[in-house]
Protein chains: 2
Amino acid sequence: MLNSKNMENKEKQNKEQQILTAAEQEFLAKGYDGARTTSIAKAAGVTHAMLHYYFRTKEQLFERIVDSKFSLMAQSMISAFGNPNHSIVERIRGGIGLHFDFIADNPQLPLFVINEIISRPERYDILYSRMRGIVDSVYANLQRDIDLAAERGEIERIDARMLFISIMSLNIFTFIAYPFMEPIMGELMADREAFLEARKAENIATIMCRIKAKE
Amino acid sequence: MLNSKNMENKEKQNKEQQILTAAEQEFLAKGYDGARTTSIAKAAGVTHAMLHYYFRTKEQLFERIVDSKFSLMAQSMISAFGNPNHSIVERIRGGIGLHFDFIADNPQLPLFVINEIISRPERYDILYSRMRGIVDSVYANLQRDIDLAAERGEIERIDARMLFISIMSLNIFTFIAYPFMEPIMGELMADREAFLEARKAENIATIMCRIKAKE
DNA sequence: CTTTGCATTAACAGAATTGTTAAACAACTT
DNA sequence: AAGTTGTTTAACAATTCTGTTAATGCAAAG
């Protein structure tokens with residue numbers, strides 16, 4: 001009896017999960033307005049009534065996706081602050097690499113999050129207030145390390161928030177603008193893997209230069 | 001009679017223009033899928049039948065907007081290559097500034113263009129082939145100047161395309177991610193004008209560092 | 001003054017899309 | 001076997017949105 005209940009739950013989780021997976025694809029690729037519940041259901045291999053049975057409305061299904069994606073995005077941003085136990089230069093270099101790799105694994109994520117925040121800013125007020133505390137403390141910690149290293153003459157003194165924006169810019173734009181840049185970049189972007197490796201190195205080099213760290 | 005014909009044309013152009021202006025706002029803010037022809041007509045102060053009378057379909061109206069916006073985007077990108085008559089350092093510094101100011105005047109432009117290209121890549125094949133020639137030659141010209149200056153020891157040798165991507169990243173991301181960054185950046189972004197000035201300076205400093213130019 | 005041609009409106013039509021419901025079904029319990 | 005519970009389906013309902021059409025208005029030209 002436990003067995004059969006489990007089976008049932010697994011089956012249910014399967015369908016629910018299939019819908020969630022299909023919804024994730026559709027919403028990430030087309031956004032809320034462009035997504036169609038019927039094509040999500042079709043991609044998941046269920047009738048569209050099932051989608052409503054499990055998730056009630058398109059809105060609620062979307063919220064499930066959006067919440068998980070926003071968490072992922074926050075997580076990736078935290079990773080960009082690097083490991084506080086390393087030296088400041090290694091910390092920043094490592095942070096850039098971690099963040100770049102994270103975005104490379106989730107290339108649709110930033111644009112999705114940005115578009116959603118722009119079209120419905122209200123929803124994120126709560127999320128922001130939660131996130132802000134974390135970011136503020138990690139940032140203050142980074143700023144302190146930067147100031148200390150600057151006093152020792154190891155690096156240039158710089159505003160940690162500005163540095164953070166620069167890192168986000170360099171790492172994220174590469175993926176947001178990929179389809180935009182690719183046709184006008186010739187062979188440089190022909191081999192995606194090779195280009196991404198070169199681009200990551202370039203971003204690290206650029207930020208290392210900016211803080212006047214020796215390579 | 002000429003007078004009255006002119007009046008008529010002006011009147012007509014007024015309505016057409018009002019629709020175009022309203023459509024531009026709506027499409028830039030919400031994208032093709034999110035935009036509603038009825039709300040464009042309402043914002044323009046005409047019945048929605050008039051919108052169809054002048055532009056036939058939503059698609060055709062959208063194409064008018066998209067074409068003009070894509071031209072603007074191309075123009076802004078060309079401006080980032082700077083003035084070839086200046087020294088290489090001044091050329092790049094000036095190019096970044098021009099491009100930044102251009103985007104600051106059209107902050108919704110990049111995201112609109114990127115979203116549109118992602119959701120309908122086909123349409124841009126022709127536009128790309130036209131643009132690619134121009135970009136290629138301007139890029140080759142820049143690369144030559146960089147190589148010459150590098151041989152003279154004035155700057156670091158660097159791939160002009162990589163440099164271009166970095167400039168685009170730093171300048172464009174600031175505006176794409178503005179609503180995303182603003183809540184977690186505290187006072188730094190409180191005064192928009194002041195922040196944009198500081199950000200422009202930061203982007204220039206970052207690129208100048210990268211090419212090892214003395215400030 | 002009537003005709004001609006474009007502009008304008010209101011009402012309508014069609015399609016797509018989201019959401020609901022009632023009935024059938026399947027598995028398990030008693 | 002009858003009942004219970006949650007799942008699934010097919011058909012339907014309602015709305016929203018795009019696009020059309022037929023009638024009306026209106027100014028200029030003959």
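User: How many residue pairs are in polar contact between chain B and chain A?

Analyst: Twelve residue pairs, counting pairs where both residues are at pLDDT 80 or more. A polar contact here is a pair of N or O atoms within 3.5 Å; within protein, one has to be able to donate a hydrogen and the other to accept it, and residues adjacent in sequence count only if both atoms are side-chain atoms.

User: And what kind of model am I looking at?

Analyst: A predicted one, where local features need pLDDT of at least 70, side-chain atom pairs count only at pLDDT 80 or more, and totals for chains, interfaces and linings use all residues. Residues are numbered from 1 along each chain as its sequence is written, chains are lettered from A and ligands numbered from 1 in the order in which they are written, and side-chain values use heavy atoms, with hydrogens and water left out.

User: Ok, back to the two chains. How many salt bridges cross the interface?

Analyst: The rule finds four between chain B and chain A. For a salt bridge, a side-chain nitrogen of Lys or Arg must be within 4 Å of a carboxyl oxygen of Asp or Glu. One of them joins the side chains of B:Glu202 and A:Arg210, at 2.8 Å from N to O.

User: Which helix of chain B gives the most to the side that touches chain A?

Analyst: That's α8(B), with eleven residues. Helices are DSSP runs (H or I, at least four residues), just as strands are (E, at least two), numbered from the N terminus.

User: What sort of residues make up that side of chain B?

Analyst: They split into 32 nonpolar, eleven charged and six polar. Ala, Val, Leu, Ile, Met, Phe, Trp, Tyr, Cys and Pro count as nonpolar, Asp, Glu, Lys and Arg as charged, and the others, Gly among them, as polar.

User: How much area gets buried there?

Analyst: About 4,700 Å² between chain B and chain A, with carbon and sulfur atoms giving 74% of that. Buried area means the accessible area (1.4 Å probe) that two parts lose on being put together, summed over both. On chain B's side, B:Met162, B:Phe180 and B:Ile184 supply 16% of what the chain buries against chain A, more than any other three residues.

User: How do the two copies line up?

Analyst: Turn chain B by 180°, with a shift of 0.0 Å along the axis, and it lies on chain A with an RMSD of 0.1 Å. That's the relation of a two-fold axis. The same surface serves both copies, with 100% of the contact residues of chain B recurring in chain A.

User: New topic: what about B:Gln143, buried or exposed?

Analyst: B:Gln143 is buried, at 15% relative accessible area. Buried means under 20%, exposed over 50%, and partly exposed in between (1.4 Å probe, protein chains only). This residue lies in helix α7 of chain B, and a polar atom of its side chain is 3.1 Å from the backbone oxygen of B:Ile158.

User: And where is A:Arg56?

Analyst: A:Arg56 is in the loop between α3 (48-55) and α4 (58-79) of chain A. It counts as exposed, at 64% relative accessibility. Its phi is near 65°, which is positive even though the residue isn't glycine. Most residues other than glycine have a negative phi.

User: Last one: what does B:Glu16 touch?

Analyst: Leaving out residues up to four places away in sequence, B:Glu16 touches B:Tyr54, B:Phe55 and B:Arg64, where contact means heavy atoms within 4.5 Å. B:Glu16 sits in helix α1 of chain B and counts as partly exposed, at 21% relative accessibility.

How values were computed:
Least-squares fit on C-alpha atoms with pLDDT ≥ 70 in both.
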